[in-house]
Amino acid sequence: MAAVADSKHSGDDPTSECNRLFTKSGKTLQLRALLSDAGLYSYAAICALCLHELYNYEWDQSFNQSCINNLLHHLQLPKQVKGVMISLIEGQGNQSTDAYVELLLGETNLKGKSLLVVEDLVMLAVKGGNYDARMRVLIRHVAVLLHVPLELLELYEESVVEFLTEEHKELSEEEQQEVNKRHRGRKIKRYAWIGLATLGGGAILGLTGGLAAPLIGAGMGTLLGGAGAAGAAAALGSTAGIAIIGSLFGVAGAGLTGFKMKKRVGEIEEFAFGPLTLNPQSSSNSNNNRAFITQQLHISIVVSGWLSDEGDDNFTRPWRSLLCSREQYYLRYESQYLLELGRAMEYILSFAVSMAAQEALKYTILSGLLNAIMWPASLITLASVIDNPWGVCCRRSAEVGKQLAEVLMSREQGQRPVTLIGFSLGARVIYYCLREMASRPGKSEGIIQDAILIGAPVTGSTKEWSRFARVVSGRLVNGYCRGDWLLKFLYRTFSMASGVAGLQPINFKDRRMFNYDLSELVSGHSEYPEKIREILELIGVRTRSLDSMAAADMAMKKSNSDLPVRPQSKISLLSLRRCKSDNAVHLCGLDEEKWKETLAAASLETLAISSPTVSTTPSEPKSPPSFQSPPDKFSAYP
């Protein structure tokens with residue numbers, strides 16, 4: 001109560017007051033008491049060297065210095081140490097972290113429990129109400145150096161969130177049982193990771209250091225028990241604590257679920273977020289979106305590239321296996337146009353495959369298409385079936401990406417790191433989001449942790465991708481397939497010296513940039529949705545077990561009636577204006593009726609490609625898709 005009273009009578013701003021209360025709760029004092037002067041110096045030096053390794057661009061220096069200043073103040077190290085730490089950040093002396101790690105792990109009072117240092121960094125990061133993406137990448141890097149499993153770090157973050165959002169009031173018997181059930185589940189996971197995590201000389205992680213139940217109690221208060229946790233609870237129950245929660249999770253407190261574009265922006269007709277990961281503890285008949293979400297200190301947003309049907313789960317189906325974060329969202333955008341594109345892709349693929357009666361010949365033909373010097377005349381004739389919806393979706397996805405950047409920079413998600421993952425046109429959305437953010441220096445840093453682009457239909461220019469180093473704090477991933485003949489076909493009329501990102505690696509030499517050749521996993525563009533699980537595992541993104549996927553599917557089905565679903569309206573391929581690629585195939589002189597006749601006739605032709613001659617009767621391809629919707633104009637899409 002004294003802590004709350006202090007908050008009410010203080011003239012400081014809420015953030016400063018909450019920082020004071022966190023310190024008063026005892027965590028910092030206890031860590032300083034555990035570590036010797038050499039240990040504290042090693043702790044700071046490890047962070048300084050990691051900052052140099054991770055963030056060495058000119059625009060990173062202000063963050064680096066701010067971070068090390070906060071840490072030195074946090075540990076109350078002498079002022080003379082600051083100059084040394086600045087020199088380490090600047091890379092002077094070419095020192096390694098190895099000696100400092102060995103010294104820190106050898107601290108007698110720490111007893112090998114290096115998790116305490118990682119916990120202390122998490123508390124330092126969140127107590128100001130802004131969990132910067134750069135700070136989280138730093139913490140994960142330090143955790144790896146100190147041999148702390150990242151899963152254990154995430155478990156601690158989860159407990160921090162639970163403590164921050166927990167209302168300190170008397171619970172009913174039913175509510176208390178639910179809380180106890182969650183704690184038991186977390187304890188099982190905790191013991192599992194403790195059993196797997198060994199440090200240095202094989203010392204097993206102890207059960208203290210912020211891991212005693214409730215897990216966060218010791219972390220917020222004292223490492224060794226006592227009244228510190230009560231002080232932290234009082235701090236978070238105060239006005240200052242509420243300010244921290246509002247800053248981290250957004251004022252609405254419901255993450256991105258409550259965000260929906262209220263009015264049309266430019267040509268964007270649909271833009272909204274939905275929960276990809278639901279809280280299994282939530283009531284199935286609850287109408288409160290917040291109940292569906294398990295709030296975390298890190299969130300993920302996934303973006304699909306096209307839709308294959310009108311099902312309620314058409315945006316979420318490819319991502320069922322994703323477990324990048326315990327708070328995940330999907331972006332619902334321009335669904336009617338993505339559905340049209342999906343049907344056009346299905347028709348084009350069925351037409352190409354219909355030229356082969358045998359399964360083996362299908363791959364021979366697709367390989368021949370990729371390596372052909374001239375595209376088959378019959379396939380070129382059908383170009384407008386795919387070119388028009390593709391061009392429309394390319395232009396709209398670029399606009400959606402810019403809108404996503406506005407949402408993230410306005411901090412609708414709160415002050416938390418975000419990971420973006422998308423395939424095909426979803427990757428294009430992310431690309432334009434990053435490009436827009438990179439054009440807004442001073443406002444866009446520290447938001448994006450990782451960006452994963454799979455089969456991206458965007459330029460492979462190193463110059464363009466290098467701009468993203470400013471806004472991506474962790475990994476920038478380009479997943480490509482050299483055998484993606486459909487993507488190559490869609491870009492057949494563009495002479496791009498830098499190539500297409502979805503077909504090749506990006507030649508950007510930076511610790512952030514990762515290229516993954518997916519050619520052995522997927523044979524073409526259409527296979528990305530069904531192979532997402534395997535792709536994510538190859539890239540190093542955590543996925544669900546099959547049992548948890550089934551449970552998540554059941555939860556999603558129960559909640560679908562509570563989520564806003566836009567009715568799908570049908571649109572016509574033939575009503576759209578022809579794109580510029582039609583000029584290359586000499587179709588611009590045809591009138592509409594003649595053009596439609598050409599489309600129908602083309603499906604009866606055979607492909608003339610450079611491949612072994614095989615005598616076979618092709619199966620009948622599907623008829624061109626038919627929809628009804630207003631026309632749309634578009635420009636070139638690279």
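Where is the place of P78? In this predicted model, in which local features need pLDDT of at least 70, side-chain atom pairs count only at pLDDT 80 or more, and totals for chains, interfaces and linings use all residues, P78 lies in the loop between helix 5 (61-75) and helix 6 (80-89). Residues are numbered from 1 along each chain as its sequence is written, and side-chain values use heavy atoms, with hydrogens and water left out. Helices (H or I, at least four residues) and strands (E, at least two) are DSSP runs, numbered from the N terminus. With a relative accessibility of 45%, P78 counts as partly exposed, the class between buried (under 20% relative accessible area) and exposed (over 50%), computed with a 1.4 Å probe on protein chains only. Although P78 and Y41 are 37 residues apart in sequence, their C-alpha atoms are 9.9 Å apart in space.

When residues up to four places away in sequence are not counted, Q296 touches E158, V161, F249, S325, R326, E327 and R416, where contact means heavy atoms within 4.5 Å.

The structure holds zero disulfides, a disulfide being a pair of cysteine sulfur atoms within 2.5 Å. For C47, the closest cysteine sulfur is that of C50, and the separation of 6.6 Å is too far for a bond. Both residues count as buried, C47 because its relative accessibility is 2% and C50 because its relative accessibility is 0%.
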